[in-house]
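Subject: Structure for you to look at

Hello,

Here is the structure I promised to pass on. Please open it beside this email and follow along.

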Amino acid sequence: TNGDGGFGVATDASGNVYLTGEFGNGNGGTIDLGGTVLTSVGTGAGFVAKLDGGTGAHIWSKMMLNSNQSSLEGAVVSGNGVYVCGASRGAANLGGGPNVAVGGEYDFFVARLSTVDGSHVWSHAHGAVSNDSCLDIGLDGNGGVVTTGAISGSASFGGAPVPFSAV
């Protein structure tokens, strides 16, 4: 449908491919990634999918379960976890219940899903008072999550707020 796009690609040690993106940007709609057709419940939804690296066959796919616009931007795989990040207008939900929006028009989130079936392991929303986004995600040498993106104003990352001028 209108506004479909892929933004992130990652692979695991077995060669499986993980894709992130959005569909129905601003219009809602559906996307068929080879499994169950995903249908946006709002104006557009982010998705993550796992494909067989040898055949391209669909293994599983998940979408954001919020009623407003969302996208999944980056992905990285380590062990049995696929880590994703993106932005959501309103509360983000990848299966673990809604992460409360921080208060901006768009807030960013990070999440860990199981590589086995895409089930939710953990997720967190962060942001400031305006538009915020997470554009890519990685892991440091100790398995800690590292992200890139943009914030407007002071943002909270679980500790003291980080002022816009320091980012």
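**Cysteines**

Start with Cys85, which is buried, with a relative accessible area of 0%. Cys134 is buried as well, at 1%. Keep in mind that this is a predicted model. How many disulfides does a search of the whole structure find? The count is zero.

**The open sheet**

Next, find the open sheet of four strands. Its order is β7-β8-β9-β10, and the pairing is antiparallel. Which strands stand at the edges? They are β7 (70-78) and β10. Each has a single partner strand, so one side of each is left without a neighbour in the sheet. From one strand to the next, the twist averages 15°.

What holds such strands side by side? Strands of a sheet pair through backbone hydrogen bonds, either parallel or antiparallel.

Now zoom in on β9 and β10. They pair in the antiparallel sense over six bridges.

**Thr115**

Stay in this region for the last stop. Thr115 sits in the loop between β9 (107-114) and β10 (120-126). Is Thr115 buried or exposed? It is buried, because its relative accessible area is 9% and the cut-off for buried is under 20%.

Which residues does Thr115 touch, leaving aside its neighbours within four places in sequence? Its contacts are Tyr18, Lys50, Trp60, Val77, Gly79, Asn80, Gly81 and Val82. Pick them out one by one in the viewer.

Best wishes

Terms used: Residues are numbered from 1 along each chain as its sequence is written. This is a predicted model: local features need pLDDT of at least 70, side-chain atom pairs count only at pLDDT 80 or more; totals for chains, interfaces and linings use all residues. Side-chain values use heavy atoms; hydrogens and water are left out. A disulfide is a pair of cysteine sulfur atoms within 2.5 Å. Buried means under 20% relative accessible area, exposed over 50%, partly exposed in between (1.4 Å probe, protein chains only). Helices (H or I, at least four residues) and strands (E, at least two) are DSSP runs, numbered from the N terminus. Contact means heavy atoms within 4.5 Å. Two strands pair if DSSP finds at least two bridges between them. Axes are lines fitted to C-alpha atoms, for helices over the stretch in contact, and angles run from 0 to 180 degrees between N-to-C directions.
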